[in-house]
Amino acid sequence: MERRDLPAFLGRRAEIAQIRRLLGRSRLVTLTGLSGAGKSRLAEEAAWSVRKAFAGGVHTVDVSQARDPATLARTTAETVRARDGRLLLVLDGVERLARPCAALADSLLRGAPGLRVLATGRRSLGLVGEHILPVGPLPPADAVALLAGRAPGRGVADLHRKAAARLCERLGRMPHTIELAAERLRADPDRAIEELLDDPFHETAARTALDRALELCSDDERHVWSRIAAAPGTFGLADVERACPDGPPPAELLDALIGLIDKSLLAREESGGAVRFRVPHAGAGLPSRPPGRDRPLPGPCRTGDLDGPRVLTRREHEVAELVADGLSNREVAEKLVISKRTAESHMEHILAKLNFSSRTQVAAWVARRRGDR
Ligand SMILES: Nc1ncnc2c1ncn2[C@@H]1O[C@H](COP(=O)(O)OP(=O)(O)OP(=O)(O)O)[C@@H](O)[C@H]1O
Ligand SMILES: [Mg+2]
């Protein structure tokens, strides 16, 4: 892997550590997030940090530049076949070719046991066994450091630190928009940071990220989004149903919510066993985290590591408990607000890990554990 000569990379240590861990136990990891969140740069840094574990090397494909899915599939498959030993394939920017990329990743992973795939996209690939890591805004201090680093000598260090912090908040702490602001500070030496605070230019830049996410949405997803986009705080499924009296019907409404979560337009939270949603942008219509949260949410994660440890994850335990209560996969999906396919995939992994062949065996196993408690 060649190291490109890029401006300094800031922060994201927890994310890099998490990607390293995930690549150790999962064969497909996808970084999702809005445009400009820093997915591609994070994937590049993470790939660099794990390169020594891949004797076959790291191969990066810029999917966003690919015009023809068939050529992309053929050339990537040829590269993978030509390499010996463990290989890390980075599929960067899969959103527009999510389906062909999913088919490609699936067939390559089946055919090459030493292969790991690290994908980035404004949406996930939707594969069973895919581990999703949402990439959110930078923590406040890293956001200011990025602004200072890209616009050196602009007083961010002392006098204007407060203004810089406010500007970064206003920019949603998104790396790409911060870089644009820094560029403007560099271009005009007389411009004060404060001046950019009320500059509609940045709102426009930030809206672009939302618009790009909406372009990938289905009609149902866009409809639901239009009804909930301005909602403050957190809300439940019943609130969404009330906000959308003219459809879509319940099953499709759930799919629409899952689709919005996948595209980082909606965040899903759990507290006390209840599922709540939150529109993760504030202020200037920009994505941001709730106060006190500086790491990306664990997110909807299609667990089921392809060759992971044979211990149930927390989520699989939850699914097993619900199965023991007699819920079907569809009911489990509704209860946990995950897709039916994800619930099915959890169930497959539970059966495989426990070496069971039926739901009854899972129910009996849960009952035994309950008895032990
Ligand atoms: N942690 C970081 N430190 C320094 N620069 C960063 C960081 N994260 C992102 N950047 C810079 O911000 C810009 C946007 O990042 P990047 O291209 O990775 O976004 P992205 O999420 O892949 O967007 P898109 O969905 O449009 O492809 C790039 O110039 C990148 O180098
Ligand atoms: Mg990118």
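Predicted model: local features only at pLDDT ≥ 70, side-chain atom pairs only at ≥ 80, totals over all residues.
Local features need pLDDT of at least 70 and side-chain atom pairs count only at pLDDT 80 or more, while totals for chains, interfaces and linings use all residues. Residues are numbered from 1 along each chain as its sequence is written, and side-chain values use heavy atoms, with hydrogens and water left out.

Start with the shell around ligand 1. Domain 1 (13-134) and domain 2 (140-207) both contribute residues to this shell, so ligand 1 lies between them; the domain bounds come from an automatic or database domain assignment. Of the 18 residues around ligand 1, those that come nearest are Leu 10, Gly 36, Lys 39, Ser 40 and Glu 179 (a residue counts if one of its heavy atoms lies within 4 Å).

Now for the polar contacts (pairs of N or O atoms within 3.5 Å). A polar side-chain atom of Ser 40 sits 2.8 Å from a ligand 1 oxygen. On the backbone side, Gly 36 has an N or O atom 2.9 Å from an oxygen of ligand 1, and a polar backbone atom of Ala 37 is 3.3 Å from a ligand 1 oxygen.

Technical notes. Chains lettered and ligands numbered in written order. Polar contact = N/O pair within 3.5 Å; in protein donor to acceptor, adjacent residues only side chain to side chain.
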